[in-house]
Amino acid sequence: MSEQSERSVQPEQPERSEQPEQVGPAARAVPVRRRADGATLVRLFLLALLIIPARLVLSFVPMTLPPALVVALLLGVLWVSGQMVDTLGMGKGRNLVRTAVALYLASQLATYGVATRRWLPTDELTVADSSIIRITSMIAVAVFVCDAVRTKERLDAVLKLLLACAAVVAFVGLVQFGLGVDLASYVSLPGLRVQDNGYSAMEARSIFRRPTGTTNHPIEFGLVCAMAVPLGVHYVFKARDDGTPHVRWLVCLALVGLGALTSLSRTALLGMAVGAIIMIITLPRRRKISTALIGGGSFLGASVVVPGLFGTLRGMFSNIEDDPSVKARTADYEAAWEQIDLNPLLGRGFGTYLPTKYTILDNQFLLTLIENGYLGLFALIGMFLAAAFAAIRVRMISRDEHLRSLASALLAAVVAGGIASVTFDLLGFGVATGLVFTMVGVSGALLRAAHAERKATSRPEA
């Protein structure tokens, strides 16, 4: 008995005491590994939307089908499936943003039903069929983000990737702007083909090239960058508050800010200006001055690094009444109102007012009046207002400064998208449309997270 007790004490005891120390760190590392969830799928969509050049579409289908659209349709199927069960963690119950998006979907379906019931030329009917698929897939993205991304940590994961992808888009655009080299044209993926959309990858304005990045058009490129700027401001401040490295977010902010400026687009400049005003108004007092100084310094720095940029940007607004592009946008308004009077309630059909057949309207709200009628216009405006109100509501009910700051950034991004609907035909460009609907969905998801936080903090008090 004594020999057995001695053996149990001598060599085996240290081994047993060391074993938990070796296993412990590994055991603590296991929870860090996360299974794929709704945020993972949304990030996959953002990669397909922003990183794969918009000119690449599936080569084995007859219609124009970019990879991001396929992922969006998959998200729609998964959302419907998730709503049928209670075991996948899909958000349910009322949500302001989801209701507004549902009303917009109802207006689109009503317009499609009325338009296809009457006679349409073959070319318009074909575009109407593809357009209802495209807009439905974007609506699916919004509701999926709203219901499947449930926590602020997963929202951060989605938005950080969005900002990083926008920085990549901006970098590609800056190379186009500065060197005249289109990096996007070198991308070739199996199963994809290049779709000619009629736009040049590097148009010219004044003495400068107008970049497109991985998007289809300089205006779309500028809007993508402008909508990402408020997120860059938010994550720079958040990293500094958390004591984590903030240089990478500062680089992303610099890239998207410079990308918006070099797009030479009034849409991008207006979006950035309104976003800056919203951020400065809603930021804490100690950050207002620093934000204004950084923004102003960056603009002056860009003007110094790129001679002539400031004069070109100023000329875009100083002689706006004589600008040929502005005159072209307003010249066809009379003909547009004649089209509106033909089908005022539900419109002539989404996508059927073909620019190659009729005229180009650089005003999404006016184009929506023609294609979806007054009901469709009210539904579109209501969707923007619901997303903006959701962000404002988060600031009203949340005590978490991170959520409040993120709500300000989303409010600025959504408002920039709304302004863009006045200055160009937003829904005609897939990358910009996908980004806007993603931001709308994130606003609804943020409101869910804020309500969950409010319930969690009020429960102990009760």
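User: How many aromatic pairs does the count come to?

Analyst: The count comes to five aromatic pairs. Rings of Phe, Tyr and Trp (its six-membered ring) pair if their centres lie within 6.5 Å; planes under 30 degrees apart are stacked, over 60 edge-to-face, and the rest tilted. The model is predicted: local features need pLDDT of at least 70, side-chain atom pairs count only at pLDDT 80 or more, and totals for chains, interfaces and linings use all residues. Residues are numbered from 1 along each chain as its sequence is written, and side-chain values use heavy atoms, leaving out hydrogens and water.

User: What makes the pair Tyr353 and Tyr358 stacked?

Analyst: The ring centres of Tyr353 and Tyr358 are 5.0 Å apart and the planes are at 5°, so the pair is stacked.

User: Why is the pair Tyr374 and Phe378 called tilted?

Analyst: The centres of the Tyr374 and Phe378 rings are 6.3 Å apart, with planes at 45°, so this pair is tilted. Tyr374 and Phe378 are four residues apart in helix α15, about one helical turn.

User: Is Tyr353 buried or exposed, and why?

Analyst: Tyr353 counts as buried because its relative accessibility is 6%. Buried means under 20% relative accessible area, exposed over 50%, and partly exposed in between (1.4 Å probe, protein chains only). Tyr358, at 32%, counts as partly exposed. Tyr374 is partly exposed too, at 33%. Phe378 has 55%, so Phe378 is exposed.

User: Which helix holds Glu371, and what is the nearest side chain of opposite charge?

Analyst: Glu371 is found in helix α15, residues 364–397. Helices are DSSP runs of H or I with at least four residues, numbered from the N terminus. Glu371 is buried, and the nearest side chain of opposite charge is Arg348, 6.4 Å away. A salt bridge needs a side-chain nitrogen of Lys or Arg within 4 Å of a carboxyl oxygen of Asp or Glu. Glu371 has no salt bridge.

User: Which backbone nitrogen lies 3.2 Å from a polar atom of the Glu371 side chain?

Analyst: That of Tyr353.

Methods
Helices (H or I, at least four residues) and strands (E, at least two) are DSSP runs, numbered from the N terminus. Lys and Arg count as positive and Asp and Glu as negative; His and the chain ends are not counted. A polar contact is a pair of N or O atoms within 3.5 Å; within protein, one must be able to donate a hydrogen and the other to accept it, and residues adjacent in sequence count only if both atoms are side-chain atoms.
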